[in-house]
Amino acid sequence: MGQTMSEKILAKYAGKDTVTPGEYIVIKDFVGPIGYSFTGMNFPQSMSGALKMMGLGIANPESMIINGDHNTPPKSIDDVELFKAVRETAKQLGISKVYDNEGIGHVVNVEKGDISPTTLFVHIDPQAANSGGIGAYYTNGGRFGSSMLEAFATGELSIRVPETIKIEVNGKLPPYVTGRDIWLTVLNEIGPDCAHGMILEFCGSTIDTLPVEQRMILCGNAGFAGADGAILQSDDVTKSWFKDNFNREVETLVSDADAIYAKVFTFDASTFVPMVTVPPEVFTSKPAVELKDVKVDQCIIGTCVGGTLDDLRIAAQIVNGKKVHAGVRFLISPVTQRVYIQASKEGLLATLAEAGAKILSPTCDVCLGVQGPLAAGEVGISQQTLNVPGRSGSAEADIYLASAATIAATAIAGCITDPSSVV
């Protein structure tokens with residue numbers, strides 16, 4: 001019997017030839033655990049303190065990673081003091097990998113080479129599933145697995161091998177339909193509890209031609225379907241992306257032709273359209289054209305499932321020679337410092353700024369409303385991960401979620417807009 005990509009990676013890290021869905025295994029020698037610190041929480045201090053109360057310590061501090069991507073740049077003296085304390089605590093504990101001021105950790109960890117195709121990594125945040133887009137396997141123990149404390153205390157983690165759902169997308173995407181639109185269409189079809197405790201595997205001719213950054217966006221919100229994560233094959237597109245951007249050679253991995261799947265869903269890419277998630281929850285999306293009467297006050301491109309170089313290129317193309325609507329705040333936060341620098345070199349930031357956008361630093365803060373908050377009664381459209389009331393400022397504001405292309409078009413029109421109508 002063949003193995004899926006996920007099963008192959010799990011078998012490798014469990015020291016086994018094969019694994020079977022439903023089987024409990026212990027994984028070792030993984031990347032991480034990975035955590036992050038934000039205002040009010042010194043993560044390495046909190047974690048080591050919790051373990052100390054149980055008579056335990058951090059087993060492999062040299063493999064642990066701390067990302068400082070919240071409340072950065074610092075907004076207060078408390079933020080400055082916190083990150084000083086995080087770095088000092090990490091040094092005392094022997095944690096050498098502390099990334100701050102470099103952008104959002106889920107992507108920074110890929111750029112730094114910590115997470116690569118075929119890697120298994122342990123992370124406390126489900127949004128880290130976006131690395132499935134490069135063919136890496138994310139886990140936090142899974143919905144049927146062990147506590148993350150096991151990973152910190154022992155350097156091992158007990159998990160249940162998940163079943164895999166195949167999501168096959170074939171055909172050519174229409175113009176301005178991106179990874180986020182694919183995901184929102186898929187989520188509409190399969191629903192919020194279809195994949196409980198499973199892995200989503202994306203494949204098909206459409207996925208084969210999808211740029212790596214859009215593959216990562218596609219995988220980043222898998223948890224909202226109840227899944228433990230998402231993954232797709234690493235291939236020549238993946239190899240070229242790593243070689244061109246980081247001069248690194250990487251492995252590739254595909255599922256066996258006779259691998260067994262719990263469910264299979266197929267989609268025709270030619271039927272996809274730009275989609276928008278409707279508040280107040282993440283599970284219902286509608287075509288952008290059906291929401292054309294919704295006026296917006298703020299548009300945001302950025303967060304861990306956005307602000308990529310690919311996103312900035314398409315946004316710049318859409319706004320080039322135009323002006324942001326007079327009643328709209330248009331904020332751009334490149335996902336990492338590397339992306340910020342490259343977008344600057346390509347003139348993308350200048351094009352966006354000339355249209356009226358405000359360019360921010362790479363940060364998680366635009367997702368949390370620390371930057372770009374909404375006032376009561378306002379409407380925002382964003383690439384962020386959640387649109388629950390109060391996520392970005394007032395609980396009386398509405399948050400719509402969409403792709404960079406739809407957000408850029410909306411910024412020009414002042415109301416939710418299908419990008420094909422403004423180009």
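These legends describe close-up views of a predicted model. Residues are numbered from 1 along each chain as its sequence is written, and side-chain values use heavy atoms, without hydrogens or water. Local features need pLDDT of at least 70 and side-chain atom pairs count only at pLDDT 80 or more, while totals for chains, interfaces and linings use all residues.

**View 1. Lysine 28 and glutamate 156 form a salt bridge.**
A salt bridge here is a side-chain nitrogen of Lys or Arg within 4 Å of a carboxyl oxygen of Asp or Glu. The count by this rule is 13 salt bridges. In the pair of lysine 28 and glutamate 156, the closest N and O atoms are 3.7 Å apart. The pair links distant parts of the chain: lysine 28 is in strand β1 (residues 24–28), glutamate 156 in strand β7 (residues 156–160), 128 residues apart. Helices (H or I, at least four residues) and strands (E, at least two) are DSSP runs, numbered from the N terminus. Lysine 28 is partly exposed, at 40% relative accessible area. Glutamate 156 is also partly exposed, at 28%. Buried means under 20% relative accessible area, exposed over 50%, and partly exposed in between (1.4 Å probe, protein chains only).

**View 2. Arginine 313 meets glutamate 346 in a salt bridge.**
The N to O distance is 2.7 Å. Arginine 313 lies in helix α10 (residues 309–319), glutamate 346 in the loop between α11 (337–345) and α12 (348–355), so the pair ties together parts 33 residues apart in sequence. Both side chains belong to partly exposed residues: arginine 313 has a relative accessible area of 38%, glutamate 346 one of 33%.

**View 3. Arginine 329 forms a salt bridge with glutamate 378.**
The closest N and O atoms are 2.9 Å apart. Arginine 329 sits in strand β15 (residues 329–332) and glutamate 378 in the loop between α13 (365–368) and β17 (379–382), so parts 49 residues apart in sequence are tied together. Arginine 329 is partly exposed at 32% relative accessible area. Glutamate 378 counts as buried at 16%.

**View 4. Strand β2 pairs with β5 and with β3.**
Two strands pair if DSSP finds at least two bridges between them. Strand β2 (residues 31–36) is mostly covered, with six of its six residues buried. Two bridges join β2 to strand β5 (residues 120–123) in the parallel sense. Three bridges join β2 to strand β3 (residues 65–68), also parallel. Isoleucine 34 stands opposite histidine 123 in β5 and opposite isoleucine 65 in β3.

**View 5. Strand β8 runs parallel to β9 and to β11.**
Five bridges join β8 (residues 164–170) to β9 (residues 199–203). The chain crosses from β8 through helix α6 (residues 179–190) to β9 in a right-handed β-α-β crossover. Right-handed means that, with the strands pointing away from the viewer, the path from the first strand over the helix to the second runs clockwise. Isoleucine 167 stands opposite phenylalanine 202 in β9. Six bridges join β8 to β11 (residues 263–268). Here isoleucine 165 stands opposite lysine 263.

**View 6. The largest pocket is lined by 15 residues.**
His70, Asp125, Gln127, Thr385 and Arg391 lie nearest its centre. A pocket is an open set of points on a 1 Å grid over the protein atoms alone, where a 1.4 Å probe fits, with protein on both sides within 12 Å along at least five of seven lines; lining residues have an atom within 4 Å of a point. The volume of the largest pocket is about 240 Å³.

How values were computed. Grid points are joined across faces, edges and corners, and a volume is the space filled by probe spheres set on the points.
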